[in-house]
Amino acid sequence: MISKMNKIIVSPSLLSADFADFQGAVSQIEASGAGWVHMDVMDGSFVPNLTFGPQLVRDLRRKTKAFFDVHLMVVQPERFIHEFAEAGADAITFHHEAEIHSQKYLEEIRSFGLKSGIAIVPSTPCSALEEILPFADIVLIMTVNPGFGGQTIIPHCLEKAGKLAKIREKEGYSFRISVDGGINEQTAETAKGKGADVLVMGSAFFHDTDKSGLVRRLQG
């Protein structure tokens with residue numbers, strides 16, 4: 001097992017919540033003891049789906065002090081960094097595949113006092129991130145092809161978590177390793193064993209009748 005640098009964080013994704021009751025979903029997340037609220041922002045171009053924009057972040061920010069983990073699955077993500085920062089995001093993650101000047105925009109996110117994140121889809125090797133890891137607070141590994149919730153995990157994607165954990169330990173970096181897609185109680189244990197310390201969960205969280213128990217087990 002790769003040694004972990006951080007406490008395990010569970011980050012339930014609003015993509016799997018009832019879109020008619022986002023406030024209720026955030027309340028469930030807070031009550032469960034989960035650390036973060038994961039917000040998948042999709043533009044219908046980078047991924048084949050549409051979700052929501054900064055207004056939802058702004059509206060929910062007034063209702064809660066939960067940590068907002070904003071994941072931009074959009075083309076030209078730099079267009080939205082300032083707006084989501086002002087709306088109340090605590091972390092902003094964008095895709096390496098969608099941006100040329102990743103290092104510049106990771107630093108811009110940090111300039112707002114936020115956690116900076118970089119994400120990769122299943123077809124992108126983690127070696128592509130080598131030069132920008134010093135500027136990232138979160139590295140998000142997509143373990144499904146992004147766009148829709150409820151998908152089955154692509155198991156070999158978890159090997160990237162192990163590779164990143166070794167780099168993190170060797171270089172003394174402090175970024176968190178997040179996994180997103182097909183994460184349930186069983187696959188989460190494998191991800192944790194590889195070194196992941198942020199578990200993005202959708203259906204597995206919202207369909208569980210004992211959310212607090214689930215979170216306690218995952219954090220244990």
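This is a predicted model: local features need pLDDT of at least 70, side-chain atom pairs count only at pLDDT 80 or more; totals for chains, interfaces and linings use all residues.
Biologist: Why are helix 1 and helix 8 called oblique to each other?

Modeller: Helix 1 (residues 22-32) and helix 8 (residues 211-219) pack at about 50 degrees, with axes 8 Å apart. Under 35 degrees counts as roughly parallel, over 145 as roughly antiparallel, 65 to 115 as roughly perpendicular, and the rest as oblique. Helix 1 and helix 8 are therefore oblique.

Biologist: Which residues make the contact?

Modeller: Gln28, Ala31 and Ser32 of helix 1 meet Lys211, Ser212 and Val215 of helix 8. Contact means heavy atoms within 4.5 Å.

Biologist: How do you know how many disulfides there are?

Modeller: A disulfide is a pair of cysteine sulfur atoms within 2.5 Å. The sulfur of Cys126 has its closest cysteine sulfur in Cys157, 11 Å away, so that is too far for a bond. For Cys157, the closest cysteine sulfur is in Cys126, also too far at 11 Å. The count is zero disulfides.

Biologist: What makes Cys126 count as buried or exposed?

Modeller: Buried means under 20% relative accessible area, exposed over 50%, and partly exposed in between (1.4 Å probe, protein chains only). Cys126 has 8% relative accessibility, so Cys126 counts as buried. Cys157, at 0%, counts as buried too.

Methods. Residues are numbered from 1 along each chain as its sequence is written. Side-chain values use heavy atoms; hydrogens and water are left out. Axes are lines fitted to C-alpha atoms, for helices over the stretch in contact, and angles run from 0 to 180 degrees between N-to-C directions. Helices (H or I, at least four residues) and strands (E, at least two) are DSSP runs, numbered from the N terminus.
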